2 protein chains.
Amino acid sequence: MGKIYVVGLGPGAGSQMTLCAKDVIEHCPVITGYTVYVDLLKEEFPDKVYLTTPMKQEVQRCEMAFQEAEKGHDVAMVCSGDAGIYGMAGLLYEVGKKYPDIELEIIPGITAACGGAAVLGAPLMHDFAVISLSDLLTPWEKIEKRLRAAAMADFVICLYNPSSKKRADYLSRACDCMLEYKRKDTVCGIVRNIGRREESYEILTLEALKEKQTDMFTTVFIGNEQTDIIRGKMVTPRGYRNV
Amino acid sequence: MGKIYVVGLGPGAGSQMTLCAKDVIEHCPVITGYTVYVDLLKEEFPDKVYLTTPMKQEVQRCEMAFQEAEKGHDVAMVCSGDAGIYGMAGLLYEVGKKYPDIELEIIPGITAACGGAAVLGAPLMHDFAVISLSDLLTPWEKIEKRLRAAAMADFVICLYNPSSKKRADYLSRACDCMLEYKRKDTVCGIVRNIGRREESYEILTLEALKEKQTDMFTTVFIGNEQTDIIRGKMVTPRGYRNV
């Protein structure tokens, strides 16, 4: 029996990968994942069997990984960011109920909250909530409930999947929920294409964020009541005592 | 002028370090940080100048880093986990108001939420909140408000600094806040010494978690209403559609 490693590549699948993730990819003869991320690896690791499925065929991708492991091959299932945060790790456990003999190991990676925070400065120095605005698998009412609860309790908030072509106004609707509890001039940040050549960021107010168009390669940060702009960066202090 | 890199080493400062973090440490002639983490690096990188301060002397540590950079040396300020999550990144920006000419770059690392989740299975597959139970810099009332808000909105919750000798009952008090909204049999997980030889984990109910003694090397995870035990691991499904 082979084993399946679920490997987070970090943002951009480059130098933000962990040493452990790289070792695992070098070790595994079979690499599987979403086409876009697998293509990033092919150049560096040409001598592998690559098995890909497009988006929305995640269950098939898991089945494929277990079938390869049943044949005796160690498999690396790769994801961008951290495989354990809105990634493939959970689905592999669910599909894996049928394959109890095949071992799973999760190799963590830098998720967009951490990678994006590093680009913006230090927005996550205090308690924070991570919320996906994708309503593909979650009712929008539940998403709004979480947005309001997190804003009410003054969390720093990091939004994944802030909008897409079909959901063009979701970020604006999320900002409306925030504005019920947070000031209009709350410091916010947007990071695009974290860890890639085209990486860019912007720091702006919550009021201005509401008017922004974003895409699926964007991660959004909304500060708490103490978040400030220092040296042109978004910085949340660690607590109430001043330096 | 030198430059300061704020480098998250990941849990345990071993193979969970990113390639980028390792490159930066190799590049910088001066390494500074909390004594315990710096000691982990000395063996692998003997030919560096190491400058350390003990806990609670974080401001002095930042000043020391800027002074070294002023002398023209590139400095790596190292932290365990991610320097941007309850780490040193924010404080360096605050202290750095006095040193506007010295560049800061944040190198993200694997934080305990990600590292611990990988050990437990896949608890963070859906929206989650990260809350520190340390009231050193935050009033306990604010911490309780965040605990209740996150529980009420059915977030998965990850607790940092769940207790210490002085704060022996804090985790128990936090569980009481959770139990106002979450079921007694909510699936929870504890991970100790993430990424170290002594690493261990336990999966238990919220009711049982309330009775647990933990320490500062423990990270606690409290599931949402869908979190389940699959193959002996703590797994939160991605959403409401079944596989």
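**Two interfaces, one model**

About 720 Å² is buried between domain 1 of chain A and domain 2 of chain A, with 68% of that coming from carbon and sulfur atoms. Buried area is the accessible area (1.4 Å probe) that two parts lose on being put together, summed over both.

A word on the source. This is a predicted model, where local features need pLDDT of at least 70 and side-chain atom pairs count only at pLDDT 80 or more, while totals for chains, interfaces and linings use all residues. Residues are numbered from 1 along each chain as its sequence is written, chains are lettered from A in the order in which they are written, and side-chain values use heavy atoms, leaving out hydrogens and water.

Back to chain A. Domain 1 covers 4–110 and domain 2 covers 113–235, with bounds from an automatic or database domain assignment. Seven residues of domain 1 are in contact with 10 residues of domain 2, contact meaning heavy atoms within 4.5 Å.

Now the two chains. What area do chain B and chain A bury between them? About 6,400 Å², 63% of it on carbon and sulfur atoms. Here 75 residues of chain B are in contact with 75 residues of chain A.

Eight salt bridges cross this interface; a salt bridge is a side-chain nitrogen of Lys or Arg within 4 Å of a carboxyl oxygen of Asp or Glu. A:Arg146 forms a salt bridge with B:Asp154, with the closest N and O atoms 3.6 Å apart. Between domain 1 and domain 2 of chain A, the count of salt bridges is zero.
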